Amino acid sequence: VSQDQAIARLCQLLPPKRIVALLLDKFFKFIYPVIPILDEQSFKSQLNQIIQTKDDSITLKLTKPSDCCTLGILMVILRITWLSLPTNACSIDLGTQCATFFVPHVTTSTVTQAKEESLLLNYETPSEAVDLVRKYMIKFDEISSFSNSNVNLTTVQFAIFYKMYLMCCPDSSNDTQPNSFTSTGQDNETHQVLLSSIVQMAFSCGLHRDPDNFPQLNSVTSNGKLNKEAMANTERLKHTWRKTWYFIVSLDVQQSLSLGTPRLLRNLNDFSDTKLPCASKIDYVRDIKELIIVKNFTLFFQIDLCVISVLNHILNVSMAKTVRKFELDSLIEILKELCYGEGNINEVLNKLVNKGLLFTTEGTLDQSSDEVYTLLTLDQILSPPPVENDKDKKLNLPHEMTTRALFFSKHITLRMLLYL
């Protein structure tokens, strides 16, 4: 299949542009906090240049190499957003023993939202579309296996989206090549190789170095409207850069925990000076959702450091041979404090470091701020406060609900660590 043939087939598979816009909006409202590595404004702007409409039919205008990766990210977004529609949800009976954990179903959707979801259900983007972009346009297997010369930030982002797609989508690929990245699930060699490729591509792009180290990104002067806009675009690029790097760091910790394999990015401070996204100069007044994303990046990195302290005692052979029982008991007690809300995340990390259970080379944080953003208790997550006025309604915003779901998954991870 040639690239032109792949493009022609994609034009047939893509839904109308207005449906693409609706699915994108739904993604950034509900799913984006789970994979927060894009800049919404820049991404939508790029797509508007790529997707053209002519006589009610879609055409694709690909002018630079990164456009293929942007298109690939779009295909993954359309696929997972369509699968996330309520009608496509799976029903699992957890049994009566789990009745205390059930949260009463609250219908917050309006008639308009219900009609919109019913409309979107008719426009499925098949897994074939993702495979077409990966194999014949990006040629991802070749990039991942042989050469990193054409890799940029967008390539890394596509690789991350594709990894998440393989992990959570129930599609079975028709690809029969044994070495290609097509296997679903997590407990296999494919995901280890794929993450290794992502890490190597990130190094090739220099994501492990903070963007402030590169003078060419800071050469925009501040006089004139055009330059101010360019400065804002540069700052958004830096922000996306940092988010992508720390998302990769988190994926590495998750894979090590899931498979019991050594982390690829050990002793982060020895080779990386990339700042957390909270260092970016972003206008959060206009985008409260991004402020929460930034706070979550810091919190989730802190939780990852707690996970790392446990993994080091289990997977590090030299440490495991010499570890003493009172050290493990101390580690368990400190994790319990975090699980049951008896201490905030800063206090927990300080205790781990002071007791020699976590080395500062794994990552350090600026704890000078008086404000502490910590993990909610499980009771707080499962029993959100009732909405009494307009001020409390923000708790029911889409990104807030997704954040609660993420907090719940972190609790499951931490409580699992107590039994390792």
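Colleague: What share of the contacts in the protein between residues at least 6 apart in sequence joins residues at least 24 apart?

Modeller: A contact means heavy atoms within 4.5 Å. Here 76% of the contacts between residues at least 6 apart in sequence join residues at least 24 apart. Please note that this is a predicted model, in which local features need pLDDT of at least 70, side-chain atom pairs count only at pLDDT 80 or more, and totals for chains, interfaces and linings use all residues. Residues are numbered from 1 along each chain as its sequence is written, and side-chain values use heavy atoms, with hydrogens and water left out.

Colleague: How many helices and strands does the protein have?

Modeller: Helices (H or I, at least four residues) and strands (E, at least two) are DSSP runs, numbered from the N terminus. The protein has 16 helices and 2 strands.

Colleague: What percentage of the residues is buried?

Modeller: Buried means under 20% relative accessible area, exposed over 50%, and partly exposed in between, with a 1.4 Å probe and protein chains only. Of the 420 residues in the protein, 45% are buried.

Colleague: Which residues lie nearest the centre of the second largest pocket?

Modeller: On a 1 Å grid over the protein atoms alone, a pocket is an open set of points with protein on both sides within 12 Å along at least five of seven lines, probed at 1.4 Å; lining residues have an atom within 4 Å of a point. The second largest pocket is lined by 40 residues, and Val34, Met164, Met167, Gln254 and Leu406 lie nearest its centre. Elements giving two or more residues to this lining include α8 (153-168) and α16 (398-417), while α10 gives the most, with 10 residues.

Colleague: How many aromatic pairs are there, and how are they classed?

Modeller: Rings of Phe, Tyr and Trp (its six-membered ring) pair if their centres lie within 6.5 Å; planes under 30 degrees apart count as stacked, over 60 as edge-to-face and the rest as tilted. The count is 14 aromatic pairs. Phe27 and Phe161 form a tilted pair, 6.2 Å centre to centre with 45° between the planes. Phe27 lies in helix α2 (residues 17-31) and Phe161 in helix α8, 134 residues apart.

Colleague: Are Phe27 and Phe161 buried or exposed?

Modeller: Phe27 is buried, at 0% relative accessibility, and Phe161 is buried with a relative accessible area of 0%. Ring pairs link Phe27, Phe28, Tyr32, Phe43 and Phe161 into a cluster.
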